[in-house]
Amino acid sequence: IFGNGYESPGGQALLFVLDLEGRLVRKIRTDPAQSPGNGLSTPSVVDVNNDNRADYVYAGDMLGNLWKFDLTADDPAGWDTAFYDGGVPMPLFKASFAESGGKTRPQPITTQPDVMYHCSGQGYMVVFGTGRFLGDADLNDTGVQTVYGIWDYGDDTDDREYPGALVNRGTGALSGPGGLRLLRQEEIDWRETEAGRCLRTLSNRAPDWGLVDDPGGGSQDPDPAVHAGWFFDLPGFPVRKNRILGERVVRDPFIRGGRAVVISMVPGSDPCEGGGLSMIHEMDACTGGRLATAALDYNGDGRVDLDDAQLIDIRNEQGELEKAPPTGLAVPGIVNGPAILRIPQGGRIREVKMFTASTGNTSAVSEAPEARGMVSWREWDRE
């Protein structure tokens, strides 16, 4: 299962499903309109009921459309985009940004999204970032890009249960039905430590995952009452009192232990050098905000402990001063996705993220280990 890739000659985003002999099983077209340079990025394939069969596919395109494909039908002829309006395929979400001149600019999705069950217990949370770094024209692109978490709450029988597009970044208002919103998270602190580490801290506003009855009635699942996800506009890096714009996501984000690991970057000005700067974020995948405890070794002492969790002083939503962990750690160069090492140490597990970068260097960052194994038990009464 794969997309047709960037810069498709036909200007459309297409999903291909082949059997293992290479024979085409199904080709799914998305938006019938053609746009030069459009194409479908790497898809994320999801099996939601553990029957070892693909149920849904999520993938973005160069026009900022996040598509959902429904492969639950027994007959491949029934596999199609999940949402329609008036016979026209519709994306789950459309990522765009309204610039100061009033022009709305699509936010390209060039990476693979990741998916988890929504923390309310209904539907799925799809986490992805926007941005591109494919050619010389992208070097000086300073358009605003965003990290999103979109709640896919729709019923398979309702082709119009999609959030739509973000039409007001101040209120988070969406264009879809029901007057739903996205929760906005933002940078509330940036600092360079005495050790030379640049740290970013996000807000931790709480979403409202309340539900209301589906207007369709019957056996339909309920709909969100307020929020249908979250977003964080990447503001650039304020290094040496100058904010470097053009921050974007060009590495695949992933979800691990309820934490969204998102690497953003700003390229250097010379395409022949391995310059640039990256930010390694670990945020709450459910809210998009900062975590309650430290996820990374922010102070560089090789441990993830209370010193990291209480590293900075910030003011909370009530204006009270409190200690909190950062959300992101800046590293030199354009960083690739990490390899994760689990190291037994003194009867416990220590985890380390290993990164390679455009600078030619390899770096290691200690992180809080992922919880594994049995976490609960239940007594079953046969009678």
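Here is the part I have in mind: does Ala357 count as buried or exposed, and why?

Author: Happy to take you through it, with one reminder at the start: this is a predicted model. Ala357 counts as buried because its relative accessibility is 18%, and the cut-off for that label is under 20%. As for its place in the chain, Ala357 sits in the loop that joins strand 33 (348-356) to strand 34 (362-367). If we set aside the neighbours within four places in sequence, the contacts of Ala357 are Pro332, Ile334, Val335 and Asn336. For a sense of scale, take Asp155, which is 202 residues from Ala357 along the chain: the two C-alpha atoms are 42 Å apart.

Leu92 is classed as buried because its relative accessibility is 0%. Beyond the neighbours within four places in sequence, Leu92 touches Tyr58, Leu66, Trp67, Lys68, Phe83, Val126, Ile150, Asp152, Tyr162, Pro163 and Gly164. Between Leu92 and Ala137, 45 residues apart along the chain, the C-alpha separation is 29 Å.

The charged end of Lys68 sits over the ring of Tyr56, at 4.2 Å from the ring centre. Tyr56 also belongs to a cluster, joined through ring pairs with Tyr117 and Tyr124.

Across the model, the count of aromatic pairs comes to 10. Among them is a stacked pair made by Trp190 and Phe237, with 5.7 Å from centre to centre and 25 degrees between the planes. This pair ties together distant parts of the chain, since its members are 47 residues apart: Trp190 is in strand 19 (residues 187-192) and Phe237 in strand 24 (residues 237-239). Trp190 and Phe237 are both buried.

Leu18 belongs to strand 2 (residues 14-18). With a relative accessibility of 32%, Leu18 is therefore classed as partly exposed, whereas Ala357, where we began, is buried at 18%.

Definitions and conventions. Residues are numbered from 1 along each chain as its sequence is written. This is a predicted model: local features need pLDDT of at least 70, side-chain atom pairs count only at pLDDT 80 or more; totals for chains, interfaces and linings use all residues. Side-chain values use heavy atoms; hydrogens and water are left out. Rings of Phe, Tyr and Trp (its six-membered ring) pair if their centres lie within 6.5 Å; planes under 30 degrees apart count as stacked, over 60 as edge-to-face and the rest as tilted. Helices (H or I, at least four residues) and strands (E, at least two) are DSSP runs, numbered from the N terminus. Buried means under 20% relative accessible area, exposed over 50%, partly exposed in between (1.4 Å probe, protein chains only). A charge sits over a ring if NZ of Lys or CZ of Arg is within 6 Å of the ring centre and within 35 degrees of the ring normal. Contact means heavy atoms within 4.5 Å.
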